[in-house]
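Visitor: I have this one open and would like a walk through it. Please keep it short.

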Amino acid sequence: MSAPTHASSEPRSSNGALAAWGIAAIVVATVLLGALLPARHPAPARSVAEDPTCLEWTDGCQVCQRHAEGPACSLPGIACQPAAPHCLRRADG
């Protein structure tokens, strides 16, 4: 008669620990790369009001014009829902 063979649970637990350490190392490396590598940020969009070539702009509620003294805007209506501002008239034509 042969003696019963019992599989050791040691290799299974060491494989689980190895997998856990591997996952932890990948997570740490990913976080460090995200924190240390420079990010590419696009140039901030220039507001219509900050664009010196735009002489008149609107958001659908107000109309603004650029004067030598500074911008002058109309008063909005009570229930007006403003949209994204866009230029109505430019200095170059």
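Guide: One definition for the start: a residue is buried under 20% relative accessible area, exposed over 50%, and partly exposed in between (1.4 Å probe, protein chains only). This is a predicted model, with local features needing pLDDT of at least 70 and side-chain atom pairs pLDDT 80 or more, while totals for chains, interfaces and linings use all residues. Residues are numbered from 1 along each chain as its sequence is written, and side-chain values use heavy atoms, without hydrogens and water.

Visitor: Fine. In what order do the strands form the sheet?

Guide: The order is S3-S2-S1-S4, in an open sheet of four strands with antiparallel pairing. Strands (E, at least two residues) and helices (H or I, at least four) are DSSP runs numbered from the N terminus; two strands pair if DSSP finds at least two bridges between them.

Visitor: Which strands stand at the edges?

Guide: S3 (70–73) and S4 do; each has a single partner strand, so one side of each lacks a neighbour in the sheet. On average, neighbouring strands are turned by 25 degrees against each other, direction ignored. Axes here are lines fitted to C-alpha atoms (for helices, over the stretch in contact), and angles run from 0 to 180 degrees between N-to-C directions.

Visitor: And how many bridges join S1 to S2?

Guide: Three, in the antiparallel sense, with S2 covering residues 63–67. In that pairing, Val63 of S2 stands opposite Thr58. Thr58 also has a bridge partner in S4, namely His86. S1 and S4 (residues 86–90) are antiparallel too, over four bridges. S2 and S3 are joined by four bridges, and Gln65 has Ala72 in S3 as its bridge partner.

Visitor: What about the turn in the S1 and S2 hairpin?

Guide: Four residues lie between the two strands, and Gly60 in the turn has a positive phi of about 90 degrees.

Visitor: Is S1 itself buried or exposed?

Guide: Strand S1 (residues 54–58) has four of its five residues buried, so the rest of the structure largely encloses it.

Visitor: Switching to cysteines. How many disulfides does the structure hold?

Guide: Three, a disulfide being a pair of cysteine sulfur atoms within 2.5 Å. With the bonded cysteines numbered in sequence order, the pairing is 1-6, 2-5, 3-4.

Visitor: What does Cys54 form with Cys87?

Guide: A disulfide, with the sulfur atoms 2.3 Å apart. The link of Cys54 and Cys87 is right-handed, with 115 degrees about the S-S bond. Cys54 is in strand S1 and Cys87 in strand S4, so the pair ties together parts 33 residues apart in sequence. Cys54 is buried at 0% relative accessible area, whereas Cys87 is partly exposed at 22%.

Visitor: And which cysteine is joined to Cys61?

Guide: Cys80, with an S to S distance of 1.6 Å. The torsion about the S-S bond of Cys61 and Cys80 is about -95 degrees, so this disulfide is left-handed. Cys61 lies in the loop between S1 and S2 and Cys80 in the loop between S3 and S4, 19 residues apart. Cys61 counts as buried at 15%, and Cys80 as partly exposed at 25%.

Visitor: Then what do Cys64 and Cys73 form?

Guide: They form a disulfide with sulfur atoms 2.0 Å apart. Its torsion is about 110 degrees, so the disulfide of Cys64 and Cys73 is right-handed. Cys64 is buried at 5% relative accessibility; Cys73 is partly exposed at 42%.

Visitor: Charges next. Which residue forms a salt bridge with Asp51?

Guide: Arg90, with the closest N and O atoms 2.7 Å apart. The cut-off is a side-chain nitrogen of Lys or Arg within 4 Å of a carboxyl oxygen of Asp or Glu. Arg90 lies in strand S4 and Asp51 in the loop between H1 and S1, so the pair ties together parts 39 residues apart in sequence. Asp51 is buried at 14%, and Arg90 is partly exposed at 36%.

Visitor: How many salt bridges does the structure hold?

Guide: Two. Arg89 and Glu56 also meet in a salt bridge, at 3.3 Å from N to O. Arg89 is in strand S4 and Glu56 in strand S1, so this pair ties together parts 33 residues apart in sequence. Arg89 is partly exposed at 39%, while Glu56 is buried at 17%.
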